[in-house]
Structures are given as C-alpha cells and as structure tokens.
Amino acid sequence: MPEKPKVAFYWCASCGGCEEAVVDLAEAILDVIAAVDIVFWPVALDFKRKDVEAMPEGSILVSFVNGAIRTSEQAEMAHLLRSKSKLLVALGACAHLGGIPGLANLFDRESILKAVYLEAPSTVNPEGSLPTTHHKDDGHSVELPGFYNTVQALNQVVEVDYSVPGCPPTPRIFRTALQTLLGDELPAKGTVLAPDCALCDECPRKDSKPEQLSIVEFKRPQQLLIDEQKCLLAQGLLCMGPATRAGCEALCVRGNMPCSGCCGPTSRVKDQGAKILSSLASLVAGKEAAEIDRILATIPDPVGTFYRYSLPASLLHRKQLDRASLHEAAASK
Amino acid sequence: MPEIPSSAIESSRERPRIGVYVCHCGTNIAGIVDVRAIVEFAAKLPGVVVSRDYKYMCSDPGQALIQQDIAEHHLNRVIVASCSPLLHEATFRRVLSRAGLNAFLLQMVNIREHVSWVHLNQREATEKTKDLVRAAVRRVSLHKPLQKRRVSINPHVLVVGGGIAGIHAALTLAEAGKQVYLVEREPTIGGHMAKFDKTFPTLDCAACILTPKMTAVGSHPRIHLWTYSEVVRVEGYVGNYKVKVRRKPRYVIEDLCLGCQECVTACVYKEAKNPDEFNLGLSKRKPVYLPFPQAVPQKVVIDPQTCIQFKSGKCKKTCVEACGDRKAIDFTQKETIEDIEVGTIILATGFKTFDPVRNPYYGYGRYANVYTSLEVERLINASGPTAGEIVLRDGGQPKAVGIIHCVGSRDANTNRWCSKVCCMYSLKLAHLIKERTGAEVYNFYIDMRTPGKGYEEFYDRLLDEGVHFVRGRVAEVSDWATHPSEKGRLVIRVEDTLAAFVRRIPVDMVVLSVGMEPQPDAQDVRRLFNISCSTEGWFLERHPKLAPVSTFTEGVYIAGACQGPKDIPDSVAQAGAAAAEAMALIDAQFVELEPYTAFISEDQCSGCKTCIPLCPYQAISYMEEKKKAAINEVLCKGCGTCVAGCPSGSIQQNFFEDEEIFEEIEGVLAYA
C-alpha cells in the first residue's frame, strides 16, 4: 500500500472555530482520514512540537494553519511547519487576513496588556504584574512566548501557498479546497481557494437590489424588521457582500443577517474596507455636507465594520505606532 | 474599433527593453535637475537598455534619436522625462508609431512643471526626478498596446448664449453651411451689447453694428433660434451630444405673433407699471411687452407674475381682442422640452456686472444719483428710457459728474481681477456725458489701462477734451456737506495720489464703473456641460495660450466674457475662433478618442449594480439575462469613477490598471 499523503493542522491566534470547521465535515471527515495521514493536530491528537521537529524537511504534504500570528511562539510554529511542509495553507479568516484578533492592531501591546491585566473591572492584580517573556522562580527560569505589538496574517510572517477563506470556512469551501489540494492540478501559488467573484453573485436576494440605490440611513439589524426577500443594502443594512468573496453561498444573508465580510476581498482588491467604503460612499443620498455627515454617522464602528476580518492584511495594517513603539518593533524584527 | 495587431500584443509581452530619454528643455529642466545624474541612474534600472539626454527632446533631432534607438536597440518601451504630457505626449506617441511601436507603450515623466519649475534646490530636484523616473520604469513595463477609438461627428452645433459672441459664432457657422441651434435664456438675443449706445474707441453706434447681425440670426435658414429657453441636460460625448432644451412659455405663439405690439397698446394697464428689465428698472413696462424695439425675435412676451389674467383669471383680455384673428396669445401655453442632437457646443453665456451694493461706501442704492455704468449706458442710449438725455432722477441735468473706476475690480475685498473694459468704457462715458451735457466730468482711476488698437489714442483725445483725471481710489461718496458749495450734492472723497492730498469733489451724479463677474449660475452651467471653472468662476480654457477657446471636454468650446473679462472685439474674435474649432472637428468628420476606457470582466462581475448610478455618462447598463453590468465603450469617457467604486475590483481601466498604478506608487516610494 502506497504511503498516504501527510497532513498537519495547527492553531495560532484564533477562536478555534476553524478546528470546528474541520470536524464539521461530519461523515466526510472519514473520507479525509481514509485519504490522508494526519501527523500533527494538537487540538485532537497527542503530538508534540518535538515530533514535528523530528520530521524530515518537506515531509508533510499540506499544513493547515489557522489563526493570526500574535505571539513569538506562533511565529516559530509557522516557520517550523513551513519548513516541514510542501504546501502551507492559511485556513480561515485569521490566518488569511488577520481576522478578528487583527482588530487589536487598533491598539499596541502596552495598552492591551494594561487594559487586560490592570484596568479590566474583573481583574484582581494588586501587585500590578504584567506578562513577561523571562521568569525566574525558586532558582528555575522559564522563557515564555512574547506578545507582539502587531497582529499579522500568516503570509506576512511566512510564505503561504494557498488560503482558505471564511470565519470559519464553510464545510463546502473546506471540502472543495481539500479536493483541489489533493488533486493533480494545483492552482497558481497564492490563490485563495474560493470563487473569485463577490458574494452578490450567489446571493438569493440579488434580483431585489435596485439599480439606483440611495442610502438615507445605515441601520443595525436590531433596528428594523428585516424583509427576508429584499436586498439588505436596499434596507439600509450594511452588507459587505459586494466587496466580499463568494463561496459561502450567502449563509448569513440566508439567515437574514448582512454579510460581515469574512471571506475577504477578491483577488483584484488590496483593501476590502477601502473598497466597500468607496462604493458605499457613492450611494449615500445626501448632497449637503451636513446631511452626508449625518448619514455617515449612522455607520456603527467603521473600522470594526469595514475591516472586521482584514485589518492586518489591509493597506491600513494597523494604527500608527508612536515613535517609541516603532523603535521597539524595529528592534524585535 | 480597429483591432490591435497580434504582433503588437506579442512584442509587448516580451521582456521589457526600455529606452529612457531625459530632456534638458534648454535650461528649463537642466538648470535645476542634474540631467547627467538622471541618465546614469536610469541606465541601471531593471529593464532599461538605453538612457540618454538631449537639449530639446521634442525637436526633430531629438525625435530622430528615439526613433533610431527603437530600431537599433529593439526597444519595446519608451520613457520621455520632459514637460507635461499635455504638451508633448502626442509628439512622442507619434515617434513610437513611426518606429513601429504601439504609441501607448510610452510613459512620460513631467520633470518640468512637476520638478524644475517648482523646486529651487538642485539636489532635491534631482532626487525627486529619480523617484519619478523609477516609477515610470516600473509602470511602463506593464503597459499594454492600446488603440484609439474613432467616432463620427454630428455636423449640427449648439450655441448657448445670444450675446454678441453667441451671435457671431452662430452666424459664422451657419454661413459655412452648418445647422446651428442658438439657445438664449432671455426673450431676445443681443446680450449686454444691445444695451450700449456707442462702442469704444470708434464711437460706432452699438445698435447700428449689432442689430443687422441680430436680424440675420433671426432670419437665417440654418439657425434655429430658441429664445426664452435654457439647456437642461447634456448627454453623450464629442461629436454626439444629446441635449434637452427647456423652452419657457412666453404665452405668445411665436409663429403667429407678428410683433405689431397692438396687444401692448391694448393691455388693460393703460400705464406701464412694472420695472423694465432691459432698462435696468429705469423705466416701466406692461405685463405684455417687447423687451426693446429692435428685439429679435420681434415677438412679445407675457410676464405671468404681473399679468392680471394669470393673477386673478378675471382680465378682460383686451390683448387677445387686439390680436384678433392672428390668435397669437395663448394663456394655456406650457413649457416644452426639445431634444436635439449636436456634435459640438459653443458656450457664450457671458457675464454679469458687479453689484455695487457690496461696496456700501459708494452709496449705491442709498443716494438716488449714484448710478452704475450700465444704467448710464441706458440713459445715454437714444432708445433708452430718457431717449438719450442724461438726466438725474429728479429730472435735472448734472453740472458735474464723477466716474469711479474699478468698482468690483482690482479690489482685495471683492474681485481681484482687472475687468479690462472699464477704463475704456469710462472714457467713452466721460466723452459722451461731456458732449451731451457740457458737465465737468471727473475720472477717478487707479491706473489707466488702455492697451488695444486705437485705445491709447482715445485716452489722449479725452485728455484734450478737458475731462478731469484724478489718480486715486475713491474712499467714499456721501451727501455730507462741509461747505456751502457741497450742499445738496454728492461729495467724492479721494486721495489724489499724484498731488498727494485728499480732495473733496462735489458732483451731481456719480457713475460707478462696475467690473465684470462670472454669471451667478456659472457653476451649474459648468456642471451641465462638464467643463471646469477657474477659481474666480470663469470657464476654464484648455490652455491659456495654445487652446484658448477649447475646454477639457472635447467638442465643447467657450467664447466671449464667460471665459474672462473682455471687450467686444475680443469676444467676437473668440467667437470666430470657437466656430472655426467646431468646424475643424465637423469637417474632419470623425475624431479619435483616447482609449482610456473602463471595462468589466464578465466572469468577475458579481452584478452588485454599484457602478450603474455612478457613471456620469450613463455608459453602464445591467444585463438582466446575465445578471452582470456592462460598459458601453463608446459612451465611456474614462473618468475612472466606476473603477474606484467597484467593490470587487472587477472594473479595470485601460492605461490605469491597478497593477500599473500600484507599480508607479511603489516606484516613487522605493527610495534608492
């Protein structure tokens, strides 16, 4: 019997949803297990880092890494898996674009640690201890992973061959991606393994979108009784669909919720948030500056809405660091 | 659209072999930019095969140099670092074409207007030039061969504005055999010139030279004269404009009215009660009226604001009775919209005069005998409200008249520009007032500006006629008498800057030589015809020297004072030039358009419809069967709005593809 292709899974800065997505394959996971040999999957199987270190270079066919890179340990694991794998795949929005953890780029390390360890109402920390990378206790010293100033997408840290989009990738997206990777013909390096068209293309409400959309107020889902047939943008809901890659079959929209953009932009777009902004701005009904301002003020949390999954991968990348943090960031590179 | 030969596409896919040519532009560029350093820098950039400099790249030897290099070194991309592409892009594109390369494999770097003319520091200018050249080298590698589009030209012309400029342009075109639509907002053509008595410096009677032209317009078989009408919508593109014209109801059927004015005599108002617009309110008119005796067309108009029939519906309608069988009066007339198709448009929408209420220290509107120059034109005019007699509002004759120059001109508080015509018309008014009344006439001027054929001579003549000239900006006009000789008169207080003391000069009449301003709706008109305005609001010409009547919109020309203050000879000259430009286009029968159109890749478009309302040219439509958007390439003008607006990046624009722009940006930012 010929040796089955080896596959690895790893989890960086993420919620674990992508691991769930793998399990969500349901019975199909049996086919996967029949087709491949899983050599590393910390969430489900008992392998250790040293097991991976012991593997020959390039011996794994595909490593699926989900989660953004937020700590030095995650960066080390990304490099390690890169060297052991023929193909490194960013699985899910966080690895693909930085994801929800990437919104931490609106802050820097110091302010995050301060908020979590000193200021949060539920925190009890009378000594004011903060996480550190070196710790000595009772003659023993330990090295701990460092917490980066900036969250990065996987391909900003190591070379990535493919990305599987979604938060999390739907079973269909993941299954199709897996088939592509195990198939004979690999797509061009860097390809995002989903259709390269915006979500409206597969949206069940597409026909109800008027040609001349004119938005007088942006509404949040709880503010109205949402018509289940009509285009959500036409109802004033901020739907990211026009700027978001298709492939999910418009699951959220079918669930009567606007698309939040998790599959990221199409291959032609460098900055998903900027693109939806420039398209929405042109649909705002107001003519006078004050009226336009009033309409735009109804957009809740603009960065969190337009860049919910893509801030680290966008042209914005992060909030500008002050000079001191910049030096530190440069030194840590 | 002609196809691009496949050989051209293939050669563009080959590895780039770039030639970089840096122009000295005499010392224009070389005086600030270290041209040799740029040549050496460019030679080392990836893909660059040849890098040279030359004193004048645009000259014949300069062009020959590039052409020869293309052949010898098998160049497939060319960069010329010289002046603005507006000036010489066409020149260098022709060089590429002659050498057998597609013209769009050229990239120009503007190192004159963007570098040498705006920087003083040599080192910095040279470094900036390097960045720009690097950007061009990176961009040009991605250029694809493109083909210009050819569109036919509709030979009909729209002229907007029936002042002297519009009249002259319309007649010139009609005489040349073109069909002309002349649209005028007022009920008659003639514009400002029709209000004048004499014209400077020859003192020709304005009516004598204007009215024959007006009549010619009215009767010309190839001119469709639409007065009391406004353009409300313009669609299309050069050679193929679709225009909607709103014809306001004059409540008189133009075809039936003979201009006999019996209705005016018969109007139930025995006395005229409403301010006469043509005479600037210096006389009265009835609700049914002819704007002025020589109006063209000779058709009356009914003002619904003042006509009893419109106000109460209970008029005896004696006008209808007087009109009798001609049945020209129609109270039920509605506005109509006419759709026309033209190939070219000439805008001659004129100017407005400065409202001197904005300079309260001159007392206009407060003192009865402070007039604007235009009002005085009407007073002097033989067919004006006083039949040419210069009388004050109380009927008396002025013994002394002060003419204040530069009201609303050359003034940091109002308009900074010189209105160009005021010195000359003030001299003309001074002469006419002196001639008709024998009054003492004072001119208060800042500088006397009389450049023009026969203008300085006219000024000399006035000096001999005993008109007084006081050099100084008038501080104030008041009725505050400090001496018995000033009692009941207007006192002009001014610093005589030649004699160096402050004068008080009592006069009976003050004439404010008001300057010229853009029309109040110039911005709306600008948007309607998609042209630009200068910061002051004058319509912007494509080039102040070399394309003075063209605009940045192909096929739209400007003439007369809508482009900036000018006198009658200049307006007429511009009108002739605009007509000639339009004819040049019409007689060529087609025009080549830049191929910078946007295109949608059908398999990438999600059909989100975002782009459709964005297009200012209605070039994008939604294909219901495919559920995708499509761009009509003929209508697309390459503005790029849809490209920026497409949320999935599925619209690209020739010559401005994302990759090309990003390469260029990265090239600029990649400090060496």
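## Two domains in chain A

The C-alpha centres of domain 1 and domain 2 of chain A lie 31 Å apart. Domain 1 of chain A covers 6-101 + 150-182, and domain 2 of chain A covers 199-300; such bounds come from an automatic or database domain assignment. Where the two meet, nine residues of domain 1 of chain A and nine residues of domain 2 of chain A take part in the contact, with contact meaning heavy atoms within 4.5 Å.

A quick note on reading all this: this is a predicted model, in which local features need pLDDT of at least 70 and side-chain atom pairs count only at pLDDT 80 or more, while totals for chains, interfaces and linings use all residues. Residues are numbered from 1 along each chain as its sequence is written, chains are lettered from A and ligands numbered from 1 in the order in which they are written, and side-chain values use heavy atoms, leaving out hydrogens and water.

## The nonpolar cores

Now to chain B. The largest nonpolar core has 85 residues, and those with the most contacts inside it are Leu158(B), Val243(B), Ile345(B), Ile346(B) and Phe529(B). A nonpolar core here is a set of buried Ala, Val, Leu, Ile, Met, Phe, Trp, Tyr and Cys residues joined through side-chain atoms within 4.5 Å. The largest share of this core, eight residues, comes from α7(B). At least three residues are drawn from each of domain 2 (150-248 + 335-350 + 533-591) and domain 3 (262-326) of chain B.

Leaving aside neighbours within four places in sequence, Leu158(B) is in contact with residues including Tyr181(B), Val231(B), Ile340(B) and Phe529(B). Apart from this core lies another, of 57 residues, among them Tyr362(B), Tyr442(B), Phe444(B) and Ala561(B).

## Helix α7 against helix α16

In chain B, helix α7 (residues 164-175) and helix α16 (residues 568-588) pack at an angle of about 35°, with their axes 8 Å apart. Helices are DSSP runs (H or I, at least four residues), numbered from the N terminus. By class, the contact of α7(B) with α16(B) has ten nonpolar, four polar and no charged residues. His168(B) and Leu173(B) are among the α7(B) residues that meet α16(B), whose side includes Val572(B) and Met583(B).

## A closer look at Ala174

Ala174(B) is found in helix α7 of chain B. Ala174(B) counts as buried because its relative accessibility is 0%, where buried means under 20% relative accessible area (1.4 Å probe, protein chains only). Not counting residues up to four places away in sequence, Ala174(B) touches Val180(B), His220(B), Arg222(B) and Ile223(B). Ala174(B) and Ala579(B) are 405 residues apart in sequence and 9.7 Å apart in space, C-alpha to C-alpha.

Key. Axes fitted to C-alpha atoms, helices over the stretch in contact; angles between N-to-C directions. Helix = DSSP H or I, 4+ residues; strand = E, 2+ residues; numbered from the N terminus. Nonpolar A, V, L, I, M, F, W, Y, C, P; charged D, E, K, R; others polar. Buried < 20%, exposed > 50% of the residue type's maximum accessible area, 1.4 Å probe, protein only.
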